[in-house]
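Look at the sequence and the structure below. The report that follows goes through selected parts, one at a time.

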Amino acid sequence: MTLRLLLNGKSSGNEELRAAIFEARDAGHDLDVRVSWEGGDIEQFVIDAHRDGIQRIIVGGGDGTINEAATGLMALPAAERPEMGIIPMGTANDFATGCGVPLTPDEALMLAIRGQSVDVDVGQINDKVFLNMASGGFGAKITTSTPPLLKKMLGGGAYSLVGAIRFWSFEPYAGRLEWDGGARDIRAMVLAIGNGRQAGGSQELTPRASIDDGLLDVMVVDAFGYRNIPAVVREMEALGPHGRFVHYFKTPWVSFKTTANPLPINLDGEFHEFEALECSVNKAALRIVLPETCRLLTSNTGQEDPS
Ligand SMILES: Nc1ncnc2c1ncn2[C@@H]1O[C@H](COP(=O)(O)OP(=O)(O)OP(=O)(O)O)[C@@H](O)[C@H]1O
């Protein structure tokens with residue numbers, strides 16, 4: 001198998017990774033490396049890797065870097081896309097963490113070289129792809145730059161999460177949400193569309209998502225007042241489809257059209273704004289190297305693939 005490591009330049013000085021690469025070469029793996037200088041380079045490296053006949057790229061970086069690689073791969077003909085392994089080198093690494101990819105460079109590199117690849121879905125919003133999650137409204141605001149104290153609060157269970165949503169999201173995002181089999185007008189404090197499960201440094205906004213079920217998990221938190229916090233907490237814990245405030249469902253597509261302010265969306269760690277979004281899933285579009293125990297695979301969740 002021909003391999004190439006595509007590394008975000010932010011991590012090029014990482015000693016553990018350098019040592020792991022030399023070790024892999026000593027073990028007989030022919031592993032060359034491309035290092036990015038700026039945004040767009042990783043996408044171009046993917047195109048170059050395809051041209052050079054590389055069968056498996058290994059992407060070293062955070063969610064944004066993986067997203068760039070996925071974007072490059074999706075631009076190639078489906079049958080010709082190289083497989084992708086991952087070395088988590090970002091700040092949050094939400095996709096890799098959610099998938100159980102080892103966080104140490106040497107273990108991650110070993111998995112990326114020796115592991116089996118599996119088919120995974122790729123989400124799409126308008127012309128942008130995402131592998132992990134599109135989180136809008138409050139969800140877009142939870143990032144790795146969120147102050148540590150608030151982060152700690154957010155990790156403290158549904159109560160503090162709901163409290164923070166109420167506190168931070170004074171302006172809900174009004175619009176029309178439509179999906180396969182339903183539609184409703186919402187005033188969203190949170191609109192999370194997950195292929196994976198977690199965003200913003202381990203917030204599980206779509207905790208039932210699988211990356212190979214051909215479906216997106218959608219979690220909506222509709223506007224609520226302070227006195228409704230207990231009810232919202234209960235609904236966040238239950239995650240039923242038809243709560244008064246919280247709606248959680250699976251769908252192959254979803255669209256949202258704002259009637260007021262554009263919706264801020266955090267797409268695999270990068271910010272965007274949309275007035276109208278059409279979101280769909282490209283089923284089994286990429287082959288990614290994941291641990292056999294990855295809990296986002298339907299084979300490990302017991303969830304049936306509906307197709
Ligand atoms: N050599 C480089 N130096 C600095 N930034 C770079 C370099 N190469 C690419 N980038 C930028 O890195 C960004 C992607 O970073 P990435 O998301 O992988 O890391 P992160 O933000 O630390 O991770 P995470 O999203 O997991 O927290 C892109 O926006 C790209 O413009």
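## Val-101 and its contacts

In this predicted model, Val-101 is in contact with Ile-86, Pro-88, Ala-96, Ala-108, Leu-111, Leu-290 and Pro-291, leaving aside its neighbours within four places in sequence. Val-101 itself sits in the loop between α4 and α5.

Is Val-101 buried or exposed? A residue counts as buried when 20 or more other C-beta atoms lie within 10 Å of its own. Val-101 has 23 C-beta neighbours inside 10 Å, and therefore it counts as buried. One of its contacts, Leu-111, is 10 residues away from Val-101 in sequence, and the C-alpha atoms of the two are 8.1 Å apart in space.

## The whole protein

The protein has 307 residues, of which 46% count as buried. Its secondary structure comes to 10 helices and 17 strands. Among the contacts in the protein with a separation of 6 or more, 76% are between residues 24 or more positions apart.

## Helix α1

Helix α1 covers residues 15–26, which makes 12 residues. At 1.5 Å a residue the helix should span 16 Å, and its end C-alpha atoms are 16 Å apart, so the two values agree.

Which residues of α1 are buried? They are Leu-17, Ala-20, Ile-21 and Ala-24. Seen down the axis of α1, these buried residues fall within an arc of 100°, so they line one face of the helix. The buried residues of α1 pack against the strands β1 (3–7), β2 (31–35), β3 (56–61) and β4 (83–88), and also against α5 (105–114). On the face turned away from the buried side, α1 carries the exposed residues Glu-15, Phe-22 and Asp-26. Just after α1 comes Gly-28, which takes a positive phi of about 100°.

## Helix α3

Helix α3 also has an end-to-end distance to check. From its first C-alpha to its last, α3 reaches 16 Å over 12 residues, close to the 16 Å expected at 1.5 Å a residue.

How many of the 12 residues of α3 are buried? The count is 10, so α3 is largely enclosed by the rest of the structure. The buried residues of α3 include Asp-63, Glu-68 and Leu-73. Thr-65, Ile-66, Asn-67, Ala-69, Ala-70, Thr-71 and Gly-72 are buried as well.

## Around the ligand

The ligand is surrounded by 18 residues, and the closest are Gly-9, Gly-39, Gly-62, Gly-64 and Gly-90. Helix α3 (residues 63–74) gives the largest share of this shell, three residues. By class, the shell around the ligand holds 13 polar, three charged and two nonpolar residues.

## The two domains

The protein is divided into domain 1, residues 3–115, and domain 2, residues 128–282. Taken over C-alpha atoms, the centres of domain 1 and domain 2 are 29 Å apart. The contact between them takes 14 residues from domain 1 and 15 residues from domain 2.

On the side of domain 1 that touches domain 2, α3 and α4 (94–99) each supply at least two residues. The largest share of that side, seven residues, comes from α3. The residues of this side of domain 1 divide into seven polar, five nonpolar and two charged.

Technical notes:
Residues numbered from 1 in each chain as written. Predicted model: local features only at pLDDT ≥ 70, side-chain atom pairs only at ≥ 80, totals over all residues. Helix = DSSP H or I, 4+ residues; strand = E, 2+ residues; numbered from the N terminus. Expected span 1.5 Å × (residues − 1). Arc of directions from axis to C-beta. Contact = placed C-beta atoms within 7 Å. Near = placed C-beta within 6 Å. Nonpolar A, V, L, I, M, F, W, Y, C, P; charged D, E, K, R; others polar. Domains from an automatic or database assignment.
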